[in-house]
Amino acid sequence: MTVILYLILVFCGWVSIYAASYDFDNASIFDFAERSGKQLMWIGLSLMLAFMILMVDFRVYETYAYLFYGILILLLIATIFLAPDIKGSRSWLVLGPVSLQPAEFAKFATALALAKTFGTYGFSLKNRRDLFKAVFIIVLPIVLIIAQKETGSALVFASLIFMLYREGLSGLFLFYGLCAIVYFVVAVKYSSLMWGTVAAGEVLVFILIFLVVAGMLLFYQKNGRAARYLMLGYLAVGVVCGALLYFGVALNLLYVCVGVTVATVAYLLVLYFSSRSLRVLTILATALVSVVFLFSVDYAFNEVLEPHQQKRIKVALGMEEDLRGAGYNVNQSKIAIGSGGFWGKGFLNGTQTKLKYVPEQDTDFIFCTIGEEEGFWGAAGVILLFVTLIFRLITIGERQHSAFGRVYAYCVVSILFFHLAVNVGMVIGLCPVIGIPLPFFSYGGSSLWGFTILLFVLLRIDASRTERH
Amino acid sequence: MRKDYKLAKRKYVIGGIVLAIACIYIVRLFSLQVLNDDYKQYADGNAFLKKTQYPSRGLIYDRNGKLLVFNQPAYDVMMIVREVRPFDTLDFCRTVGITREQFDKRMEDMKNPRLNPGYSSYTPQTFMTQLSAQDYGRLQEKLYRFPGFFIQNRMLRQYAYPVAANVLGNIREVSPRDMEKDDYYNRGDYTGDLGIERSYEQVLRGEKGVEILLRDAHGRIKGRYEDGRYDVAPVSGKNLKLSIDIELQAYGEKLMQNKIGAIVAIEPSTGEILAMVSSPTYDPSMLVGRERGKNYLKLNRDKYKPLYDRALMAAYPPGSTFKPTQGLIFLNEGIITENTLYPCYHGFVAGRLKVGCHGHASPLSLLPALQTSCNAFFCYGLRSMIDNRTKYKSAAEAFNIWKDYLVSMGYGYRLGIDLPGESRGFIPNSNYYNNIYGENRWSALTIISVAIGQGEVLATPLQIANLSATIANRGYYITPHLIREIQDSTINAEFTTPKHTMVDSHYYDYVVEGMRMAVTGGTCRIGAIPGIEVCGKTGTAQNPHGKDHSAFMGFAPMNNPKIAIAVYVENAGFGATYGVPIGSLMMEMYLNRKIAPERKYLEERMLQSNTIIYSGVKKH
């Protein structure tokens, strides 16, 4: 079934690339000078590759996991120095007529290495050494890929947090991740809206932090009394501030927030010393880290991110409408998708994509072509196909007898899901533009091979799940 | 193991997150693709270059099928500034017949945002309009040497006769207001201005077609969309056949030369307008082509207002042409019979009030009163009606009934002719007088001059002609109109339905008889045409602007009338001096197609005469 899903997706991808790169003058789907022709070649090679993967004994993958990882790390390092500069990034290794993107294969190697690590006897995330090992395996390729200026591919590795979660990482981290995104969005989005002398974003984030703290307290404390007191306190401060502002008293809300934070910390300390509950300490840490995070957002946004990244984020948050510049892609992509309607314009009848209004339409923005030509049902259908595949992979992961198999499966799930969410999200204007491909659809051999390897190695492992190690 | 079991549950959390994101995305897709329509329009604007195919405008014929208005091709030189490459400017100038200085001036004007607000270096701009056919030919040959320039075909109107400008109207480029009111129009389109061109714009213009071309992100044309499957061919405008007899019209304009005023001739049985002259007039070709703007300004500033269609816009005191209406009202209300006699002592005298009249027998009845145009008779008649307290409760009530009769005869309101700008004339009602004099503070004597078409009453020449047609029809009229046939369509039902007045049909016979007597032995004697029983009524309207206006109303032949006419010549004196001759010549020309030798002198006199000098308008 997984293989069928894979074939459907790859076939749809091929047809979409044909549609996306379709030229009125040059119309053969098999023409090897065209991208659809080349993609067909990649698909053929992928199938051969898949066949080979299935032929190889499953133990090879486990045994040589670190070797694969090592080779890929070396390749990544080499890429930094050897790769030519293509559109500002150095991620392509050019070998004669073909060029490869090692980052695409690094995903597979990292997944394998992680699986092997987790599969070793007595491995536990509770163990600080083991946790460190896992994090190291993930962070090393991230650093190397960032050095190639391929931030998008690097971000993919962050998705492995889902796998870590499945393997026992505290759910708090998922929650923290969500909080960080929300804080960031709110802080940036409302950073230019001023309430008095203070940016509204900061105040709003403070309010969110207070709500989170109170919520966590409510969640952890059995009787919930402390949480209720805290809420009442916040409410009182809120009412007083509102009243003062209503009567025209100039109030620096930031000072109020800092004051409330100090009071909250004091209250939590009191709670800790009376109950000696570690959880209270966790909440305290959460609050403090959140505040630090908040104050670092501005700095990070303005100093760490590059200008084009800042712009893309602002466009995605609807703060800027730079239709000729950073917003052009997304706007054109929305136009293309939006013009598709429910049933689409029909295969090869898309006008926006055909006439090259959407840049990168056969790679990162391939989803536009589907949206325009096949309409809502086609686009939603592709999403559902992916969701089905992901669920299928989760099922496969869960039926593994070994930690190795399970961890590897969840790595594949995480990576696939992240690609889907970010790629489709950016095309429909819900995420900032991050240049990562849509698995199996986007044109490009490296990406297709990378995902083929990821998937078929899993299938190979799954096929031998009952055999002894 | 228990711990593992607990962790295994986390697959639901992960699955849930995947599902949630997928749902959000699908909802977003649904709102983008199905709920929101804007993106489709953006997409069309993006990718389609809709090239308009202009239809040819409908042709206009006269009642006898003579072609009056047709189309001539014209050529505009367009340019897309961004695509212009260095070229031989002097050669270009020579080809299109302009000097180097004019070239520079045109470029400057084109780029001037005040003169050309829609300027963009990316879109086609008009460099110069209406190239002559010779220049077009030469430029077409050399066009390849001037990249960025191209020629756009346009249709201009051409007129076969230099007459009937007030009827035909003309076309002009649409204004921003036109575009706002009707989104059919785009910048640079033409629309009817004045006359038939305006009132039948919807029919004449046809339907624009469109050719859908595909344009890529760089603006290059990549072919036709779906091989032209969605292209729409333009639909030519429909041809019109007017009721105008162009020869009669031309004759009328000739007779009216050097005079200010109007002629309206109607075929009584159909309400069709045979001729509608407004003088002074202009050659319709003046408002075509490159000189249009200049000429329009000139006509607009002309002190004699040639653009003002006096035939239907000017409200004049109808003078004695009003008297037949009075006779009809009095008869129908039972105020008089055909035998009622009123005295005339060189006028109507009541206390200190006196309305003058001229010498004729006294006392007299309705028919001789019409024959001699006796003022006193109608003043007595109006007094008998308004001051009749046995029949009417008050003067106001009587007066309102009087007014209703006139409205039923087409006075006081627009008749509804198919031309823009018609005036409604003026018939007062009792409120009007109440406001001036106070309620019950006025009587017949206060308003007595309305009985002879003076005072407050005003009528357009069209309304007077319509009265004539009504009398000719013995009691009904059909809304006067200019349209006779619309190609593949029917004309407005209004223009075929008879409208009966409030006066009984048989009373009209007396009035017809009276008007016949006026020609055989009364004020209209000079209008007698050999072999034709002409009926007529003169009018000499006093006015505050100087010499009396000369008016005539009549029809012929008396039985089975073919033409009813009204003539109004400003400041020309007695009705018999200009009104009757012009009116009778028109009728004679229409009925006989020639002027009898013994009446040639009359024609000559009319052609030679000049009354414009009495108009009080000083030339410069």
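Let's start at a strand pairing in chain B. B:Tyr61 has B:Leu67 of E3(B) as its bridge partner. This is a predicted model, so keep that in mind throughout.

The strands here are E2, residues 60-61, and E3, residues 67-79, both in chain B. They pair antiparallel, over two bridges. Together E2(B) and E3(B) make a hairpin, with five residues between them. Look at B:Gly65 in the turn. Its phi is positive, about 85 degrees.

Stay with E3(B). What does E3(B) pair with over eleven bridges? The partner is strand E5 of chain B, residues 149-159, and the sense is antiparallel.

Strands pair through backbone hydrogen bonds, either parallel or antiparallel. In this open sheet of chain B the order is E12-E11-E20-E19-E18, and the pairing is antiparallel. Which strands stand at the edges? They are E12, 272-279, and E18, 535-543. Each has a single partner strand, so one side of each has no neighbour in the sheet. On average, neighbouring strands are turned by 10 degrees against each other, direction ignored.

E18(B) runs antiparallel to E19(B), residues 546-556, and eight bridges join them. One pair to click on: B:Thr540 has B:Ser550 of E19(B) as its bridge partner.

Two helices contact this sheet. H11(B) packs on it, touching E11 (261-267), E12 and E20 (563-569) of chain B. The direction of H11(B) makes about 25 degrees with that of E12(B). H21(B) lies across E11, E12, E18, E19 and E20 of chain B. It runs at about 30 degrees to E19(B).

H11(B) is residues 246-255, and H21(B) is residues 575-592. They pack at about 155 degrees, with axes 10 Å apart. That angle makes H11(B) roughly antiparallel to H21(B). The crossing of H11(B) and H21(B) is right-handed. From H11(B), the contact uses B:Leu248, B:Tyr251, B:Gly252 and B:Leu255. From H21(B), it uses B:Ile582, B:Leu585, B:Met586, B:Met589 and B:Tyr590. What classes do the residues of the contact of H11(B) with H21(B) divide into? Eight are nonpolar, one is polar, and none is charged.

Another helix pair, still in chain B. H14(B), residues 323-333, and H20(B), residues 507-521, have axes that come within 9 Å. They cross at roughly 145 degrees. The crossing of H14(B) and H20(B) is right-handed. H14(B) brings B:Pro324, B:Leu328, B:Leu331 and B:Asn332 to the contact. H20(B) brings B:Tyr507, B:Tyr508, B:Tyr510, B:Val511 and B:Met515. By class, the contact of H14(B) with H20(B) has eight nonpolar residues, one polar and no charged.

Last, charges. Side chains of opposite charge can pair when their charged atoms come close. How many salt bridges does the structure hold over all chains? There are 31. Take one in chain A. The side chains of A:Glu398 and A:Arg166 meet in a salt bridge, at 2.7 Å, N to O. The pair links distant parts of the chain, 232 residues apart. A:Glu398 is in helix H16 of chain A, residues 366-398. A:Arg166 is in helix H8 of chain A, residues 161-166.

How values were computed. Residues numbered from 1 in each chain as written. Chains lettered and ligands numbered in written order. Predicted model: local features only at pLDDT ≥ 70, side-chain atom pairs only at ≥ 80, totals over all residues. Heavy atoms only, no water. Axes fitted to C-alpha atoms, helices over the stretch in contact; angles between N-to-C directions. Helix = DSSP H or I, 4+ residues; strand = E, 2+ residues; numbered from the N terminus. Parallel < 35°, antiparallel > 145°, perpendicular 65-115°, else oblique. Left-handed = near helix turned anticlockwise from the far one by under 90°. Contact = heavy atoms within 4.5 Å. Nonpolar A, V, L, I, M, F, W, Y, C, P; charged D, E, K, R; others polar. Pairing = 2+ DSSP bridges. Salt bridge = Lys/Arg side-chain N within 4 Å of Asp/Glu carboxyl O.
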